Amino acid sequence: MSPLIGITCHHGLEYQYILNHSYVQSVTEAGGVPLLLAMGIKSDVDMLVDRLDGLLLSGGFDINPLFYEEEPINELGEISSGRDANELELVRAFLQADKPVLGICRGHQVFNVAQGGTMYQDIYAQIEGNVLQHAQLARRDHLSHRVQLEEGSKLAAILGSSDILVNSFHHQAVKDAGDEIAVCGTSSDGVIEAIVSESHTFALGVQWHPENTACAGDPPSKNLFAAFVDACR
Ligand code: MN
């Protein structure tokens, strides 16, 4: 049976639910059945954990810093608090049940905050020294900067390489990794680009957008979706 994979959607201000088609395509091509999850509503989390085989936390806006006990700095972008609360509750429940979780971009950050981690609200304002262009202006499937994966890490094994090129659409980043979370990928400026839970079977976060590059045929990105869907099976 194909695994049923919940994908969180952005809750738009215009009362729409929004999800880039590339998430759906990447899950489908890897053999999963995507189920789009509405955010910003009260949902039966226990039922979702029971019925779904895995959770994909999609990208989107910034996380309300109150969720990691900070005040908003001036450079904080648009937030979606209703979605934050829903996703934090969902990811904690999936981790509790040890069901597979893949966090992408904002989703990677939500995964970290759910485990008690913290964020740079804006890497340009808060990290000293030269920081790469992490909000690329090139098209979404352009591979713009390198990520070094921890040698021998689970993610390096999944991707098939410990040195990859990724796309980049973020101005925030993980600061302190949460409980039982290991950093397993960084860019050359030291920005954390990938994290993994040390105490769950499959719980990974990547700061880049592999759904865009998987659709364009990038092998490491396709490998990541294949591994996630296989873990959900
Ligand atoms: Mn980046």
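Start by selecting serine 144. Leaving aside neighbours within four places in sequence, serine 144 is in contact (heavy atoms within 4.5 Å) with Gln136, Leu165, Val166, Asn167 and Ser168. This is a predicted model, where local features need pLDDT of at least 70, side-chain atom pairs count only at pLDDT 80 or more, and totals for chains, interfaces and linings use all residues. Residues are numbered from 1 along each chain as its sequence is written, and side-chain values use heavy atoms, with hydrogens and water left out.

**Stop 1: around serine 144**

Stay on serine 144. It lies in the loop between α5 (123-126) and β8 (145-149). Helices (H or I, at least four residues) and strands (E, at least two) are DSSP runs, numbered from the N terminus. Serine 144 is partly exposed, with a relative accessible area of 29%. Buried means under 20% relative accessible area, exposed over 50%, and partly exposed in between (1.4 Å probe, protein chains only).

**Stop 2: the manganese ion**

Select the manganese ion. Which protein donors does the manganese ion have? They are His134 (ND1), His145 (NE2), Ser168 (OG), His170 (NE2) and Glu193 (OE), lying 2.2 to 2.3 Å from the ion. Donors are N, O and S atoms within 2.8 Å of the metal (3.2 Å for Na, K and Ca); water is not among the atoms, so sites may look incomplete. Along the sequence, the donor residues follow the spacing H-x10-H-x22-S-x1-H-x22-E. Histidine 170 sits in the loop between β9 (163-166) and β10 (173-174), and glutamate 193 in strand β12 (residues 192-197), so this pair ties together parts 23 residues apart in sequence. Histidine 170 counts as buried at 4% relative accessibility. Glutamate 193 is buried too, at 0%.

**Stop 3: strand β12 and its partners**

Colour β12. Six of its six residues are buried, so β12 is largely enclosed by the rest of the structure. Next, show strand β11 (residues 181-186). β11 and β12 pair in the antiparallel sense over five bridges. Two strands pair if DSSP finds at least two bridges between them. Pick valine 183: its bridge partner in β12 is isoleucine 195. β11 and β12 form a hairpin with five residues between them. In that turn, glycine 190 has a positive phi of about 90 degrees.

Move to strand β13 (residues 203-206). Three bridges join β13 to β12, and the two strands run antiparallel. Valine 196 stands opposite leucine 204 in β13. β12 and β13 also form a hairpin, with five residues between them.

**Stop 4: rings**

How many aromatic pairs does a search of the whole structure find? It finds one. Select phenylalanine 202 and phenylalanine 228. Their ring centres are 5.8 Å apart and their planes are at 40 degrees, so the pair is tilted. Rings of Phe, Tyr and Trp (its six-membered ring) pair if their centres lie within 6.5 Å; planes under 30 degrees apart count as stacked, over 60 as edge-to-face and the rest as tilted. Phenylalanine 202 lies in the loop between β12 and β13 and phenylalanine 228 in helix α8 (residues 219-232), so the pair ties together parts 26 residues apart in sequence. Both phenylalanines are buried.

Then select arginine 140. It lies over the face of phenylalanine 169, at 4.1 Å from the ring centre. A charge sits over a ring if NZ of Lys or CZ of Arg is within 6 Å of the ring centre and within 35 degrees of the ring normal.

**Stop 5: salt bridges**

A salt bridge is a side-chain nitrogen of Lys or Arg within 4 Å of a carboxyl oxygen of Asp or Glu. The count comes to eight. Select lysine 222 and glutamate 29, whose closest N and O atoms are 3.6 Å apart. Lysine 222 lies in helix α8 and glutamate 29 in helix α1 (residues 21-29), so the pair ties together parts 193 residues apart in sequence. Lysine 222 is partly exposed at 37% relative accessibility.

Go on to arginine 106 and glutamate 87, which meet in a salt bridge (2.9 Å, N to O). Arginine 106 is in helix α4 and glutamate 87 in helix α3 (residues 81-96), 19 residues apart. Arginine 106 is buried at 1% relative accessibility, and glutamate 87 at 0%.

**Stop 6: helix α4**

Finish on α4 (residues 106-114). Nine of its nine residues are buried, so α4 is largely enclosed by the rest of the structure. Among them are His108, Phe111 and Asn112. Glycine 116 follows α4, with a positive phi near 90 degrees.
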